[in-house]
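Work through the exercises below with the sequence and the structure side by side. Each task is followed by a solution that goes step by step.

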Amino acid sequence: LLIEGYKEQKQIEGYKIQLFSGRSRMEAVKVKSSFHSKYGESESADIVYQQPNFKIRVGNYRDRLAANKWLEIYKIDFPSSFIVKDVIKIDQKR
């Protein structure tokens with residue numbers, strides 16, 4: 001019952017990787033398009049506005065270990081990226 005309840009919510013607490021944080025929306029859009037050009041559309045990149053900053057967050061990782069693996073890859077192109085706790089979307093296929 002608990003698992004079914006979580007599936008109905010379609011969101012749980014997990015981890016994302018933050019690539020950028022700044023006050024310029026244009027800069028955030030540039031980082032997002034740069035990410036998609038390097039890594040494709042397979043990984044979702046979201047622009048989050050938390051006043052006064054725009055943030056680019058990618059991924060939906062259930063555990064920190066999986067997020068850390070991808071962080072090492074993304075740090076090559078985005079050296080200031082780091083892991084943040086966030087609400088993630090549940091993959092309904094599982």
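**Exercise 1.** Over the ring of which residue does the charged end of Lys 38 sit?

*Solution.* Begin with the ground rules: this is a predicted model, in which local features need pLDDT of at least 70 and side-chain atom pairs count only at pLDDT 80 or more, while totals for chains, interfaces and linings use all residues. Residues are numbered from 1 along each chain as its sequence is written, and side-chain values use heavy atoms, with hydrogens and water left out. A charge sits over a ring if NZ of Lys or CZ of Arg is within 6 Å of the ring centre and within 35 degrees of the ring normal. The charged end of Lys 38 sits over the ring of Phe 78, at 5.5 Å from the centre of that ring.

**Exercise 2.** Describe the chain as a whole, from its elements to its surface.

*Solution.* Start with the secondary structure, where helices (H or I, at least four residues) and strands (E, at least two) are DSSP runs numbered from the N terminus. The chain has three helices and four strands, and read from the N terminus these elements follow the order α-β-α-β-β-α-β. Next, take the extent: the C-alpha trace spans about 45 × 30 × 20 Å along its principal axes. Finally, turn to burial, for which buried means under 20% relative accessible area, exposed over 50% and partly exposed in between, with a 1.4 Å probe and protein chains only. Of the 94 residues in the chain, 32% are buried.

**Exercise 3.** Which element holds Tyr 39, and which holds Tyr 74?

*Solution.* First, a pair of aromatic rings is described by the distance of the centres and the angle of the planes. Rings of Phe, Tyr and Trp (its six-membered ring) pair if their centres lie within 6.5 Å, and planes under 30 degrees apart count as stacked, over 60 as edge-to-face and the rest as tilted. There are six aromatic pairs in the structure. One of them is the edge-to-face pair of Tyr 39 and Tyr 74, with 4.9 Å from centre to centre and 75 degrees between the planes. This pair links distant parts of the chain, since Tyr 39 belongs to helix α2 (residues 25-39) and Tyr 74 to helix α3 (residues 64-74), 35 residues apart. Tyr 39 is partly exposed at a relative accessible area of 22%, whereas Tyr 74 is buried at 1%.

As a second pair, consider Tyr 49 and Phe 54, which are tilted, with 45 degrees between the planes and 4.7 Å from centre to centre. Here Tyr 49 is partly exposed, at 48% relative accessible area, while Phe 54 is buried, at 13%.

**Exercise 4.** Is His 36 buried or exposed, and which residues does His 36 touch?

*Solution.* Locate the residue in helix α2, where His 36 lies. With a relative accessible area of 15%, His 36 is buried. Leaving out residues up to four places away in sequence, His 36 touches Glu 41, Glu 43 and Ala 45, where contact means heavy atoms within 4.5 Å.

**Exercise 5.** Where is Pro 52 found?

*Solution.* Pro 52 is in the loop between β2 (45-50) and β3 (53-61). The peptide bond that leads from Gln 51 to Pro 52 is cis, with omega near 5 degrees.
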